[in-house]
Structures are given as structure tokens and as C-alpha cells.
Amino acid sequence: MTFAVKDRHYTGTVSCGNLFLQSDIPTAPVVRWKRADATKFYTLMMLDLDGNANGSWPDPVAAGENAPVRHWIAGNIPGDLLRGTGYVESGSDSAIKRMSVLQPYRAPHIPVVSDRYGIYLFEQTKRIDFAALFGPITNFDYSTFLDTYQLGDPKASNFFVAIYTSESPFSGKPFHGNDVSGLWHQGYGKGNLAPSHQ
């Protein structure tokens, strides 16, 4: 998964817990997975795992009252597309037009501090006729969603941390890279969804 980071002052590749300034990732990333089965379809899900948490990275804090927050869900993504050029939400390819975008990409919007975002790929057993999603994006009952469509456990997952920025982020100090993958929360990069509040 790769974001087109604004101004290209650091890499846009998501890598198990690296950091992004929320202002640098306003548009959906390209999603690729070289191990996808070219004959299968996949569902992509992106969740804010913190949702108004009372604290932020690097301190371990409990999820907030809004978690999990639904930020992006797309289904019927062809495996051969994931293996090749990758899924791009704004693409004009005919295969993309046959996919189901249930929740268009919603960029991180954090009022303060930082939130973790989990990205999951689920392998479908067949093409799915998804129903439209209604209601608030907060407190998303992903367990029921996964059960309804028999999606099971994720086949691939990753996560990143988006940091709140103001007009003068970090008191004017420049942002030097975003790799903290060896420091914390690595379990969210291993396919584990956060506990549901439902």
C-alpha cells in the first residue's frame, strides 16, 4: 500500500506502523499484494482503531469512544489487479468499474494527537452482491459485516499511524522520516483486528 505523499518529503509506503502526517495523505493509496490469487476477488477494509482515544503514540492507550471508525471499504477487487498495477479507487479501468466501493476512502481527520489505521484484505469465495452501508462511520460493527459476507480472517494486513498537524507541526521542526516499525503496536500488522465494542 503506497500513498502519493504530498511534496514527496518521505516515502509513502505503509510498513507496519510507520508515521504519516495526516495532511500528506488526502487521497487514497494504491493497494498491491503480490501474493493475491489471480483467480479470486478481495475485500479491502481500512479502520481507525483509536477513534477519539484519550492519548496517542507512542503511549499505549485504550481505543476511544468512536472506535473503530470506518474509513474505506471496497469489495470484488480482482486478485490479478492486486498482483499487478494495484487497486486505485479513482481508476478508470473497466475492472474497477465492476468493483463495489461501499465506503469511499476517507482521509484521516484527527483533531489532536495521533491514531492508528489498520488495512485488511479478505479473500472472497465468489463475487459478492454487497448491500449499501448506512449509518454513522463511527463504532463500525465490522464483525457483523465480516460474518454477513463470510469473509473470515484477513489474508493480509498492515497499519500506519497518522499524526495530527497544524500550520506549524512539531513547533516548526522538520519531519524526518516515518519508520518506527520496530518500536510499538506490531500486533496490528499481523492480521489482528481490534476488539469490537459491539
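View 1. Asp50 is buried, with a relative accessible area of 4%. Here, buried means under 20% relative accessible area, exposed over 50%, and partly exposed in between, using a 1.4 Å probe and protein chains only. The model is predicted: local features need pLDDT of at least 70, side-chain atom pairs count only at pLDDT 80 or more, and totals for chains, interfaces and linings use all residues. Residues are numbered from 1 along each chain as its sequence is written, and side-chain values use heavy atoms, with hydrogens and water left out.

The side chain of Asp50 meets that of Arg116 in a salt bridge (2.5 Å, N to O). Such a bridge is a side-chain nitrogen of Lys or Arg within 4 Å of a carboxyl oxygen of Asp or Glu. Arg116 lies in strand β5 and Asp50 in the loop between β2 (41–48) and β3 (69–78), so the pair ties together parts that are 66 residues apart in sequence. Strands (E, at least two residues) are DSSP runs, numbered from the N terminus. Arg116 is buried too, at a relative accessible area of 5%. The structure holds one salt bridge.

**View 2. Gln124 in strand β5.** Gln124 is found in β5, which covers residues 114–124. Gln124 is buried, with a relative accessible area of 2%. Its side chain makes a polar contact with the side chain of Thr43 (2.7 Å). A polar contact is a pair of N or O atoms within 3.5 Å; within protein, one must be able to donate a hydrogen and the other to accept it, and residues adjacent in sequence count only if both atoms are side-chain atoms. Beyond four places in sequence, Gln124 is in contact (heavy atoms within 4.5 Å) with residues including Lys40, Gly75, Phe130 and Leu151.

**View 3. Asn18 in strand β1.** Strand β1 spans residues 18–21 and includes Asn18. Asn18 counts as buried, at 2% relative accessibility. A polar atom of the Asn18 side chain lies 2.9 Å from the backbone nitrogen of Ser15.

**View 4. The largest pocket.** The largest pocket has a volume of about 230 Å³. On a 1 Å grid over the protein atoms alone, a pocket is an open set of points where a 1.4 Å probe fits, with protein on both sides within 12 Å along at least five of seven lines; lining residues have an atom within 4 Å of a point. Of its 18 lining residues, the closest to the centre are Asp48, Asn52, His109, Pro111 and Asp115. Strand β5 gives the most to the lining, with three residues.

Methods
Helices (H or I, at least four residues) and strands (E, at least two) are DSSP runs, numbered from the N terminus. Grid points are joined across faces, edges and corners, and a volume is the space filled by probe spheres set on the points.
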